[in-house]
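Okay, thanks for coming, everyone. Let me put this one up on the screen, and then we'll go through the aromatic side chains.

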Amino acid sequence: MATKTITIDLDAYRRLSRAKRDGESFSQVIKRVVPMRIDYKKWSRSLRDALDEEALDTVERRVRKRSARSTRER
């Protein structure tokens, strides 16, 4: 596995350290706490082969609704 060294300030280190669970690495903390971004357009295109039009429309409406709600909460 490749690794990368990063520099963070002491406050960031302390926060990361407090989030760390017993036996957990800093990499595991970051992966648990920082969500992966999903490319919803790519994901939606991949569903076209697996879902019928009605199901796909339902998924797309829900994604748009969540996106709109998330934008309003910022």
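So, start with Lys20: its charged end sits over the ring of Phe26, 5.3 Å from the ring centre. The rule there is NZ of Lys or CZ of Arg within 6 Å of the ring centre and within 35 degrees of the ring normal. Bear in mind that this is a predicted model, where local features need pLDDT of at least 70, side-chain atom pairs count only at pLDDT 80 or more, and totals for chains, interfaces and linings use all residues. Numbering runs from 1 along each chain as its sequence is written, and side-chain values use heavy atoms, with hydrogens and water left out.

Now, how many aromatic pairs do we get? Two, taking rings of Phe, Tyr and Trp (its six-membered ring) with centres within 6.5 Å; planes under 30 degrees apart are stacked, over 60 edge-to-face, and the rest tilted. Tyr13 and Phe26 have ring centres 5.6 Å apart and planes at 45°, so that pair is tilted. It links distant parts of the chain, with Tyr13 in helix H1 (residues 10-19) and Phe26 in helix H2, 13 residues apart. Helices here are DSSP runs (H or I, at least four residues), numbered from the N terminus. Tyr13 is partly exposed at 40% relative accessible area, and Phe26 is partly exposed too, at 29%; partly exposed lies between buried, under 20%, and exposed, over 50% (1.4 Å probe, protein chains only).

Then there's Tyr40 and Trp43: centres 6.1 Å apart, planes at 85°, so edge-to-face. They're three residues apart in helix H3, which means about one helical turn between them.

Methods
Helices (H or I, at least four residues) and strands (E, at least two) are DSSP runs, numbered from the N terminus.
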